[in-house]
Amino acid sequence: MTDTTRSARGGVPERPSLDGLEETWARRWQSDGTYAFDRTKERSDVYAIDTPPPTVSGELHMGHVFSYTHTDTVARFQRMRGRTVFYPMGWDDNGLPTERRVQNVYGVRPDPTLPYDRDWRPPAAPVDDAARKNPTAISRRNFIELCELLTVEDEKAFEALWRRLGLSVDWSLTYTTIGSAARAASQRAFLRNLARGEAYQAEAPTLWDVGYGTAVAQAELEDRERPGAYHRLRFTGPDGREVLIDTTRPELLPACVALVCHPDDERYADLVGAAVRTPVFGVEVPVRAHPLADPAKGTGIAMVCTFGDLTDVTWWRELRLDTRVVIGRDGRVLPEPPAGVPAEPYAALVGQTVNGARRTLVELLADAGDLVGEPRPITHPVKFYERGDRPLEIVSTRQWYLRNGGRDAGLREELLARGRELRWVPEHMRHRYEHWVGGLTGDWLVSRQRFFGVPVPVWYRLDDAGEPDWSHPLTPDEARLPIDPTSEPPPGYEESQRGEPGGFTGDPDVLDTWATSSLTPQIVGGWETDPDLFARVFPMDLRPQGHDIIRTWLFATVARSHLEHGALPWHTAVLSGWILDPDRKKMSKSKGNVVTPMALLEQNGSDAVRYWAANGKPGMDLAFDPAQVKVGRRLATKLLNASRFALGLGAADALRAAATQPLDTAMLAELSGVVATATTAFDGYDHTAALMATEAFFWRFCDDYIELVKERAYGTGPAADSARAALATALSVQLRLFAPVLPFVTEEVWSWWRYGSVHRAPWPTTYEVGRAMEMPGDPELLRLAADALGQVRRAKSERKLSMKADVPLAEALGPAAVLDQLGTVADDLRAAGRIAKLDLLPDRTTELVVACAF
């Protein structure tokens, strides 16, 4: 390990190495407060980042490394531009992912009916599959404590990886979405939504995950292709008319409430307004017309069940149909038949799963002669909760909703306008936002029937019969937040009145995890708890996130900020793409193609992995390529060695001197252009373009300029002084240009010869580079000299000679103007090429040709 533990300049080590830099500098940055946010600065001097809090439910993966590296380059660039950077880190530790992880790790399941057992202890080690399939029931409170225990351990591992990666966050600003501050902010925002009429409760059809046992929101759905079958059922119309229906869900036949055809479909026009009877059950249902019915699908007439899919819900609501629910929250057929459905055939279905009920009902249909033909196999999209493993059902439940424009055209337009105010990087991502907002069909369902989350902060009075008064919820004072209504009584009540007639009951639900995560700017910014801080950071400057959660995290945050503050929560959103495997398939645990980052970081070094990540532009997917990581390590190693060489020539003592020689000013002139390009790119959130420009110059600097100038730099006198001055400026500038992407190696080299941290040094400017030149330089001169030296090298290679071989005579041919330019650097060319005699022969060729005689 190099000696870099001193505050002063450390000196150039004899054998510089990348090994150990991460531990050394992560520790130093923390002890020195290198990335600490200065809350005394005015808002105009602050750059605030709404950092994504990763879900603490397992291991971080390369997708995290990819996108968080992008954000860190922004933070480091803005810090070097003189801004104090508000760069927090959060842990999204509440919600279904954490619960599922706890259940899988410990083989437990929560049971709210069980009492708290203070002596219960979890298994000492993760359990096996048998224990997971037969989990131990524990109380709600025991389960929550277990969630808290596991998330703390996960968060330690996550923080260790982030520090290893070199994220320049201020760790004193860390928060969790289940912490006291987050729970208070989430409950405060909900209560204000409620007071303004933006939050409301309703009994309605609800998308339900039977595996998790909870409602889910529209934004959490995904379609998955699943095998199924069309079954053709025979209904009986007026005068015994046969009416055929194609359905993939025959098990919902007892839930049928109508048949629907298109208003213009002449085949069924005479049936509209009449009634038909269902097969097996003989229930009379009406035939109605609706424009969503597709004449070309199946037989052109569909059965409406409560509820098979979202279209059923639309028909049920708009046609004001009856309700016959047959599937319960556990995904099984309910014990009692709906009103009007005969008990005898229904009894054969009771208690069965959806698949079991389907098989039974198909048998009943076949026995009755009402199954026409054989089922026809198909593959079709089925809706799932994005984290679930069983198809969603639609059941009728009482839930809390938050208005989001899905049923309010005015609010929808306001939120679309907010999207147009926001700066999108890349710009085309705005269309995804607009598509989502424009396609909303309902308000945001924010309550969940789970345990480890932010409690819905309300209670309900119980009447004399012990029934809740849903219409007038009891709410706490904001000063009392956070509260848990399942363990604390409402104002004016005693705990002994819980569940008693005339007493109260607490709302048992928790808020959707997005209902808390949508308030990350408010949580970390000290909304209502630290007005001074909030005024300095809100609205924030940047929201970095994945493009796949525009519909959830980004939209929800915009909506909450619009409702509460009448403003955007940030000025710019930068969207990152996905990480793909080498076959360009998205990496996912289910596919088994995930690469774990810690081993990669340890093997190749963090700068190398960051280099790979920085080669992905905002919004673009990037394939994981180990070869690209190796390129990054070679670059970092070259930066060490080239810096050691330049400083060994005495460049450190020539930093304030000016370059006077043509080749030196030519190199600096080209570097000035690189500074301009990189600065513009970073200002536009294009870290990839900044890296490409800097890296391309660096290799020319090493391969061409250093080789051309090193003999002169070893000498004495004004020409040597000019070379050392140019090397010093070039090294200082390049270290700072690389610093946002390669923080460890640049800090290491900086410590050899400069004071303080490179990450607190000012970002280089074209003015700074120009000031280092006694006269303006011409970048073309460096390219010309490099071309000439390259031809000499090729001549040696073709003769299988060492690059150190002497060239007795070289002739340079070309246009006179070109050779005049070359003449100004002839001494450097002769020294670099080991040319004894160099003749310039003008106007012999139309372009530069260097011929060598050996």
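By about how many helical turns are D532 and R536 separated in helix α14? In this predicted model, the two residues stand four residues apart within helix α14, which spans residues 531–537, and the separation therefore amounts to about one helical turn. D532 and R536 form a salt bridge in which the closest N and O atoms are 3.0 Å apart. The two partners fall into separate classes of accessibility, since D532, with a relative accessibility of 37%, counts as partly exposed, whereas R536, at 16%, counts as buried.

A further salt bridge joins R712 to D664, with 2.8 Å between the closest N and O atoms. Because R712 belongs to helix α20 (residues 687–713) and D664 to helix α19 (residues 662–683), this pair ties together parts that are 48 residues apart in sequence. R712 is buried, its relative accessible area being 13%, and D664 is likewise buried, with a value of 0%.

The side chains of R834 and D806 also meet in a salt bridge, at an N to O distance of 3.1 Å. Here distant parts of the chain are linked, 28 residues apart, with R834 placed in the loop between α26 (826–833) and β28 (835–842) and D806 in the loop between α24 (779–798) and β27 (807–814). R834 counts as partly exposed at 38% relative accessibility, while D806, with a relative accessible area of 51%, is exposed.

Salt bridges that share partners also bring R188, R192, R196, E198, E478, E528 and E564 together into one network. In total, the structure contains 59 salt bridges.

Definitions and conventions. Residues are numbered from 1 along each chain as its sequence is written. This is a predicted model: local features need pLDDT of at least 70, side-chain atom pairs count only at pLDDT 80 or more; totals for chains, interfaces and linings use all residues. Side-chain values use heavy atoms; hydrogens and water are left out. A salt bridge is a side-chain nitrogen of Lys or Arg within 4 Å of a carboxyl oxygen of Asp or Glu. Buried means under 20% relative accessible area, exposed over 50%, partly exposed in between (1.4 Å probe, protein chains only).
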